[in-house]
Structures are given as C-alpha cells and as structure tokens.
Amino acid sequence: MRSKIGKKGGLISAVVNPTDNGRLEFFDKACLLWNEQGLITYFSPSMPTADQMAGHEILLRENMIALPGLIDLHTHLPQYEFAAQGAAALLPWLTNYTFPQEARFADDAVAELQSLNFFESCLSQGTTTVVAYLTNHLSAAEIAFEEAARAGIRAYLGLTLMDRNVPPELLTDARRAEKDMASLIGKYHNKARSQFVVTPRFAISCSAELLSLCGEVSRAHQTLLQTHISENQHEITETLRLFPEAKSYAAVYDHYGCLHERSLLGHGIHLSDDERLLIRDRRSVIVHCPVSNNFLGSGIMPYSRWQKEHLRLGLGTDVAAGYSLSMLHEARQMTEMAKLRAFFDDEDCVVDIETALSQATIGNARAIQRDDIGCFAIGKRADIAVVDDSRCETLSDEERNHYASLKERLARVVYRHHPEMVTLTLIDGEIVFAREKT
Ligand SMILES: [Zn+2]
C-alpha cells in the first residue's frame, strides 16, 4: 500500500485548513506541492505554473476534500479489538474487559496481529499521528513499534506501567519498568516516525516509587508522559484513599514530578478549581475524550469553559471506551456533548465544527509541541487526509446541488460520517493508505 518515499508530489482538491485562531479556511480548489523530504513547498488556490509542477507526481482529487492529517492524542492499542463492548462504569469495565484483553498480549502472535490491525485502522480513518497506550509487555511493545514503522504512521507509544491493584500478569515493578523503558527508549525513541511515551496507567495502579520513576524518566529524556486523571468519581475517591497525604488527584501527579509541559492527562472531567490552576501552572494538557466519556457515563468535560481559563487542551478517541478510531467521529461527538453540557449548565459554551476540527489537527499538534504538522503551510510536513464526501449516507443529486458549499460539504462529513469516507492518507507526502487505486 505504501508509495515510495522520496518523490516530489502534489495534490489538487478542495482544501480545508485550520488557522492559528481555531477557525478554518475553505478553498474550493487548491494545490499542494511537496519536495522529496515530504515538506510542503507550495500551497495556494492559484494553480502553479508548469515549471513549478515539473517533476511532481500530481494526485487529482478535485471532487474530494483534503484536510491536514488527523491527530489522536489518547487511545489504547490493545483495546481496539473489544471497542463497543461492555458499557459500564470505569472501574468494573477495566476489571471485566480491559485487563483480561491486555493480558493476552503476553502472546507475541496476538500483539503482532492486533498492532497491524490497529495502525492500519488509524490510517484508514485519516489519522496520521497517534499517541497510544500499549500493555505492560516489553515484547509486545517492541512489536508495536516495529509495526508502526512498517505502517509509516507517526506513533507515540508507551509501555503501560502498573505495580499494584491489577491482576498479577499485568504487574511490573519500578526496577523492571526502569530497565524496560531504557531499552525501548534506546531502540525506538526518535527513530523512524516513532517516539516513546512514559505511561503510568493512573494513580490507582501505581505506587509512589513508580510514579517518581515516571516523572524522572520523562524529564531526563524529554519524552511525553501520558496518564489518566479525574475521569470518574469512584476513581477519584479511590485515588485519594490510596494517597491520603495528597490535597487532590492532580497534586498526586505533581508531587511525583509527573506534571510538566509534555504531560497528557486523559479526561480531567471533574477537576476542581485548584487542580485546574495547578495543571495550568505546570502547562500540562488535558485530553478530552467525549465518546469514551459518554460510553462509560463518566460525565461531560466543559471544553469551552476550560478553554476560556487558558488550559492547554487536546482531543482523543480513547478506544476502547471510545468505540471508534475516527477523529472525525470524535469531532462530531465533541460538538454534541458540548451542547448537552451547555444545556445543563445554562451557559453559552457551544463547540462548533470549526473548533472541533481545529482541535483534532493544529490544536493537537501544538499539545505535543509539533509545529511541523497539523495544518498546511510552506515548510510544514505533507500529512494529508483526503475525504470523499460523496460517500456520506445516500445523497440525492438535489441535495448535492443545493448544499454544495465547502462548509456544507464539511458538515456532512462530520455529521453523516461514513467509515469508508477517507480514501487516501499521506504522511510526509508518502501514500500510507489508499482505499482507491492510485
Ligand atoms: Zn484511556
């Protein structure tokens, strides 16, 4: 499926591009060109001259819409297989579904098959960068990194660390975790398109010693750190019982050095005023996962209120509590959940499509400190998702002709999502997924 790396290329299509202020620019027809390194050299609604196009292999998709490659900031590779199963509250759901499934990754054959399927599925949904939890198995983690490199995806992957309160087969200890992390960082961090992420699952399953190690390693190697926070009321109560000296859930992570500007905190629905001030002060990112929060009945994060508080925010699918790897689907749910929250809070905190898609692209790129991806501009990387909006639920010619502006077409893409809507995915200008013949 992958095209050869190192070719000059281009794309002519309708283009939707996020801007710096959380809005979108719409181009009914535009051209992108990129060089052998996959960096954009031309982006304009004016067509380039024959000289400018010379030597470029141009993809003509004038009836389709190009978006910057989508970025998923929070998901779980080993859970993809059981997405949609077992809607229950967080803690029983972990015990009954997640832990037994993660234990299966002791078998390399399971890890290989599931990793292959996961990365292919990400690319088939237009996701070009994914930040994911793995399991606690070193061998399965190595397999995931190898499969990510084979798929060509930008992958930020973490060995999920737990040293208490989970089944014995998922336990590690601080000494083993240190050794395993050192090995994975040495082999895979900043290699191909991959990065290692320090990953304490959440405070309930991590001792003070393990959390301290996570803080130290993520700072020493300047890696991302991903964990969960304040998703569910029972989880919060249990965390405070296990760390009785802590003032709050966020204070637990802070005490052990786990809150910094590369920390991605999944959920954060029920954070107190003090916790949000602390997180803002540490410049950590709260990653909103609306589909998952709905599925497990965890609550609704007040995205726009916290945006107004200048918290750094992200968006992720959180498979398998999230039941789709599609960030377009996640964007839709983000808008819908915000309306519900606004209704119950009697507040004007609506999130529109432009905000949601900006978050899923340029906003998520900023959250992981990547200024080379997330939008189209000269010098950025040619990471592209091409969407065929004619694949929306049966569309009559009448409708197609009457609601034909690019804004209206994009609304159909988000609200009448079709699983086979993304037809082409490129990373660094390289085709990494094609639903069509190219
Ligand atoms: Zn999660």
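Let's start with E336, which is partly exposed at a relative accessible area of 32%. In this predicted model, the side chain of E336 meets that of K339 in a salt bridge, with N to O at 2.6 Å. K339 is likewise partly exposed, at 38% relative accessibility. Both residues belong to helix α12 (residues 327-345), where they sit three residues apart, about one turn of the helix.

Salt bridges can also share partners: R154, R193, R370, D372, R381, D383, D428 and E430 are joined into one network in this way.

A search of the whole structure turns up 29 salt bridges. One of them pairs the side chains of D20 and R366, at 3.0 Å from N to O. This pair connects distant parts of the chain, 346 residues apart: D20 lies in the loop between β1 (9-18) and β2 (24-34), while R366 lies in helix α13 (residues 353-367).

How accessible are the two ends? D20 has a relative accessible area of 65% and is therefore exposed, and R366, with 44%, is partly exposed.

## E261 and R262

Another pair worth a look in the viewer is E261 and R262, which form a salt bridge whose closest N and O atoms are 3.2 Å apart. Is R262 buried or exposed? R262 counts as buried, because its relative accessibility is 6%, and the cut-off for buried is under 20%.

Notes:
Residues are numbered from 1 along each chain as its sequence is written. This is a predicted model: local features need pLDDT of at least 70, side-chain atom pairs count only at pLDDT 80 or more; totals for chains, interfaces and linings use all residues. Side-chain values use heavy atoms; hydrogens and water are left out. A salt bridge is a side-chain nitrogen of Lys or Arg within 4 Å of a carboxyl oxygen of Asp or Glu. Helices (H or I, at least four residues) and strands (E, at least two) are DSSP runs, numbered from the N terminus. Buried means under 20% relative accessible area, exposed over 50%, partly exposed in between (1.4 Å probe, protein chains only).
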